[in-house]
Amino acid sequence: MQRLFRAPGRVNLIGEHTDYNDGFVMPVALDFSTYAKVSPREDRRLQVCSDNFGDEVEIDLDDQQLAARGHWSDYPIGVAVVLERAGYRLRGARLEIRGEVPIGSGLSSSAAIEVATACALLANSDLEIDKRELARLCRQAENEFAGAHVGIMDQFISLFGQAQKALMLDCRSLEIRLLPLPDNVRLIICNTMVKHELASSAYNERRAQCEAGVKHLAKFLPNVTALRDVTVQELERYRAGLSEVVYRRCRHVITENARVLAAADALERRDLHQFGKLMAESHKSLRDDYEVSSEELDLMVALAQKVEGVYGARMTGGGFGGCTINLVAQEYAEQFQQIVAPEYERITKLKPEIYVCTAANGAEEVR
Ligand code: GLA
């Protein structure tokens, strides 16, 4: 029997580069998804076809030597390998993948393909799994196969997203707080059309800098295991001995965690002005302290901040290209696009893509 599964991409409203520091994030699942159609095979072979790449690969699930090749198929094959190693014995399958999440734009097309693949392969093998465990395994596949030492945010939201809601996630306990998004506001995503191609090494470098910060701070604060456990006052107190760069990286993460908590309260009070202010501060901190923004992202944010009806604008995702997220009053959504897109194009000669999004549900079977 053939079955079809869908897993969404995401946009993060606030809480960037905090997930791998045991911190807080606030993503939303998007109405852009990756689809995986699966049908069983009698043997233990896995055949994966990509509609987007017009390409097909086939592997033997019993092959112990499977390794990453720097190819699109690393994502689905990595998931199959990680599931098998975790003891989920998979049935052979033919998998057809079609993605509509823009690739390399910071909207988590990789998590969408991992989660869609995992749901399809497990269902095809009559296996059930706890969703938190599945998020962890998909993340592990990305860590080990794509070589990106990412946190858990993207895989988690792709599984747990809910329509009309933002999800505040505590990346340490994996507890969630669902926050209703007011109907009169639009999430507008602006794609700079600059792909974050070189981002992976810079991402891993940021991660290592955070770990260096923790190592230093833990000498004075023995209960600290992640930047999540540190306050700005403590960072200031024990700053001697930290390099200037590591100090700024830590300051971003610590202040960003505080911003997510404040933003969740603001959203609960429906205080969009306060939420927007926190988005602006988040962008600055990512630009100046964490240094993961880019000229195009800064420009897109600056253009948006001048437009009427915009509560907040910031870069979203890992950075170095990709997209910005804008919180815009519904009645100004049309005008926003008419002003920002041509201005951005005039200055950069790049034609941006603009998506007016709604918060969607997480991964599910499509019947
Ligand atoms: C990428 C990673 C996430 C997260 C963000 C930055 O999207 O996949 O785990 O670290 O960058 O917030």
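## A hairpin turn

Glycine 54 takes a positive phi near 55°. This glycine belongs to the hairpin of strand 4 and strand 5, where four residues lie between the strands. The model is predicted.

Strand 5 covers residues 55–60. Strand 4 and strand 5 run antiparallel, and six bridges join them. Take cysteine 49 as an example. In strand 5, its bridge partner is glutamate 56.

## Strand 4 and its other partner

Strand 4 also pairs with strand 6, which spans residues 93–99. Here the sense is parallel, and the pairing runs over five bridges. Valine 48 shows one link: its bridge partner in strand 6 is leucine 95.

How many of the six residues of strand 4 are buried? Five are, and buried means under 20% relative accessible area. Strand 4, residues 45–50, is therefore largely enclosed by the rest of the structure.

## The ligand site

Some contacts can be described atom by atom. The side chain of arginine 10 has an N or O atom 2.9 Å from an oxygen atom of the ligand. For the side chain of glutamate 16, the distance from an N or O atom to a ligand oxygen is 2.7 Å. Glycine 151 uses its backbone instead: an N or O atom there lies 3.0 Å from an oxygen atom of the ligand. On its own, the ligand has 310 Å² of accessible area, and the protein covers 93% of that.

How values were computed: Residues are numbered from 1 along each chain as its sequence is written. This is a predicted model: local features need pLDDT of at least 70, side-chain atom pairs count only at pLDDT 80 or more; totals for chains, interfaces and linings use all residues. Side-chain values use heavy atoms; hydrogens and water are left out. Buried means under 20% relative accessible area, exposed over 50%, partly exposed in between (1.4 Å probe, protein chains only). Helices (H or I, at least four residues) and strands (E, at least two) are DSSP runs, numbered from the N terminus. Two strands pair if DSSP finds at least two bridges between them. A polar contact is a pair of N or O atoms within 3.5 Å; within protein, one must be able to donate a hydrogen and the other to accept it, and residues adjacent in sequence count only if both atoms are side-chain atoms. Accessible areas come from the Shrake-Rupley method with a 1.4 Å probe; for residues, only the protein chains shown count as cover.
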